[in-house]
Amino acid sequence: MNGQKTSILLLIICSLFVLAACGSPLKSYNQGKYLTASEEAVNVLRKKPDNAQARDVLAKAYPKVLEEAHAGADSLSFEDIDENNLVIDFLERWNKLVDNINNCPAALEIIPHPESYTKELGELKNYTVRLAYNQGLEALEKHNLQDARLALGYLTTAHKYAPENAAVKDALEEARYAATLRVVINRPNFMFGSRLDAEYLFDRQLMDELNHRSYRQPVKFFRNSDMVRHPQQEIFFDFENFTVGHAVPSTHVETVSQRVVVGHNLVDGELVPVYDEVVAVVTVYRLEMIAEGVLHLRITDLETHRWLSQRDFRRTAVWFSEWATYTGDARALTSTYLSLVGMQPLPAPAGDILYDDVIRQLYRDAVQYIGSIY
């Protein structure tokens, strides 16, 4: 009996993976793909009702599919949801074949009374809905993440076949919530810079980006101020060692030279350029501010209070303004120095701007790291 059951499942699986297209009905028949051969034969007969080969294949293939389907029906327990899904897909394809035969006069001449399984298909769907729904509820009652994800699979199947069933929809929503790893992220204390800017970066750059990424498992991140039922993990953030230095001036002096054309001499009737070396002394002034900080990240299991992961990120932001003066011949200056000569010193920024730049970099690092964990 188990061997017969395996055979019918293999028949169904093979028939589902080989869809009728523009293949040869006879070739499919010879390969034992009787459902595909039947579909292809009907497609041919729609366009060429007198095609002898298509007529012959349909006459032989259709009864074989029907015979094997009947033979396997008694050996299926219908207690396995995955098997039921395969059978449902098979029956849907079979019923479509019956519809195509009924709409093809040439095919009806060969199969005058094609047998549909509409009633059986509906009954099997209803049975599978009840089976998947009950197994889903049983898995949910175990109140753990792994079984909740099994429940999500069962209830997704039930919803597929009964999308308007209110009980199934409610259970599916509960399973989605239970199957999702709920991670609370604490909002770090901001002891520096603009609190409004820092909170905006937390909400937009960190939380929004985290909840719009793709992960290997269902996961959702919440602020610690959100009302979350039974969070399972917490990500703790803490900013450390944030500093902004004063604007520090520096000076760099360099002597530069270039060979330039200063005139021409007439030699043998031709003008030959005359070169000379020109020199300038360039003084480059630089005003620089540096901000740096560390973000400490720690992931904790809230049930066991065990640390799952921790990492420190360090980032630096640099602001500078440069300008230059020179003495000597301007022709000796490079294009870079010429541009600096035209510059004026810029006012140093407020420390908040550099703090925000450091926070952006640290949050970017944190998002990448968290993405690798989940």
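The following conversation goes through a predicted model of a protein, from its overall make-up to single residues.

Colleague: How many helices and strands are there in the protein?

Modeller: This predicted model has twelve helices and six strands.

Colleague: And what share of the residues is buried?

Modeller: Of the 374 residues in the protein, 40% are buried. As for contacts between residues at least 6 apart in sequence, 72% join residues at least 24 apart.

Colleague: Let us take helix 7. What span should its residues have, and what does the model show?

Modeller: Helix 7 covers residues 118-140, which is 23 residues. At 1.5 Å a residue it should span 33 Å, and its end C-alpha atoms are 33 Å apart, so the two values agree.

Colleague: Which residues of helix 7 are buried, and what do they pack against?

Modeller: The buried residues are Leu121, Leu124, Thr128, Val129, Leu131, Ala132, Gly136, Ala139 and Leu140. They pack against helix 5 (81-102), helix 8 (145-161) and helix 9 (166-179).

Colleague: How is a pair of packed helices described?

Modeller: One gives the angle between the two axes and the distance between the axes.

Colleague: Then what are the angle and distance for helix 7 and helix 8?

Modeller: Helix 7 and helix 8 pack at about 160 degrees, and their axes are 8 Å apart. Helix 7 is therefore roughly antiparallel to helix 8, because angles over 145 degrees count as roughly antiparallel. The crossing of helix 7 and helix 8 is left-handed.

Colleague: Which residues meet there?

Modeller: From helix 7 there are Lys125, Thr128, Val129, Ala132, Tyr133, Gln135, Gly136, Ala139 and Leu140. They meet Asp147, Ala151, Tyr154, Leu155, Thr157, Ala158 and Tyr161 in helix 8. By class, the residues of this contact between helix 7 and helix 8 are ten nonpolar, four polar and two charged.

Colleague: What about helix 3 and helix 5: parallel or antiparallel?

Modeller: Helix 3 (residues 34-47) packs with helix 5 at an angle of about 25 degrees, with the axes 10 Å apart. Helix 3 is therefore roughly parallel to helix 5, because the cut-off for that class is under 35 degrees. The crossing of helix 3 and helix 5 is left-handed.

Colleague: Which residues make that contact?

Modeller: Helix 3 contributes Leu35, Thr36, Ser38, Glu39, Val42 and Arg46, and helix 5 contributes Phe90, Arg93, Trp94, Leu97, Asn100 and Ile101. The contact of helix 3 with helix 5 has six nonpolar, three polar and three charged residues.

Colleague: On to single residues. Where is alanine 247?

Modeller: Alanine 247 is in the loop between strand 3 (233-244) and strand 4 (248-267). Its relative accessible area is 30%, so alanine 247 is partly exposed. Leaving aside residues up to four places away in sequence, alanine 247 touches Leu287, Glu288, Met289 and Ala348.

Colleague: Is aspartate 365 buried or exposed, and what does it touch?

Modeller: Aspartate 365, in helix 12 (residues 351-373), counts as buried because its relative accessibility is 18%, and the cut-off for buried is under 20%. Not counting residues up to four places away in sequence, aspartate 365 touches Phe313 and Arg315.

Colleague: What is phi for asparagine 241, and for aspartate 268?

Modeller: Asparagine 241 has a positive phi of about 55 degrees, although it is not a glycine. Asparagine 241 is in strand 3 and, at 54% relative accessibility, counts as exposed. Aspartate 268, also not a glycine, has a positive phi near 50 degrees. Aspartate 268 is in the loop between strand 4 and strand 5 (270-301), and it is exposed, with a relative accessible area of 78%.

Note on methods: Residues numbered from 1 in each chain as written. Predicted model: local features only at pLDDT ≥ 70, side-chain atom pairs only at ≥ 80, totals over all residues. Heavy atoms only, no water. Helix = DSSP H or I, 4+ residues; strand = E, 2+ residues; numbered from the N terminus. Buried < 20%, exposed > 50% of the residue type's maximum accessible area, 1.4 Å probe, protein only. Contact = heavy atoms within 4.5 Å. Expected span 1.5 Å × (residues − 1). Axes fitted to C-alpha atoms, helices over the stretch in contact; angles between N-to-C directions. Parallel < 35°, antiparallel > 145°, perpendicular 65-115°, else oblique. Left-handed = near helix turned anticlockwise from the far one by under 90°. Nonpolar A, V, L, I, M, F, W, Y, C, P; charged D, E, K, R; others polar.
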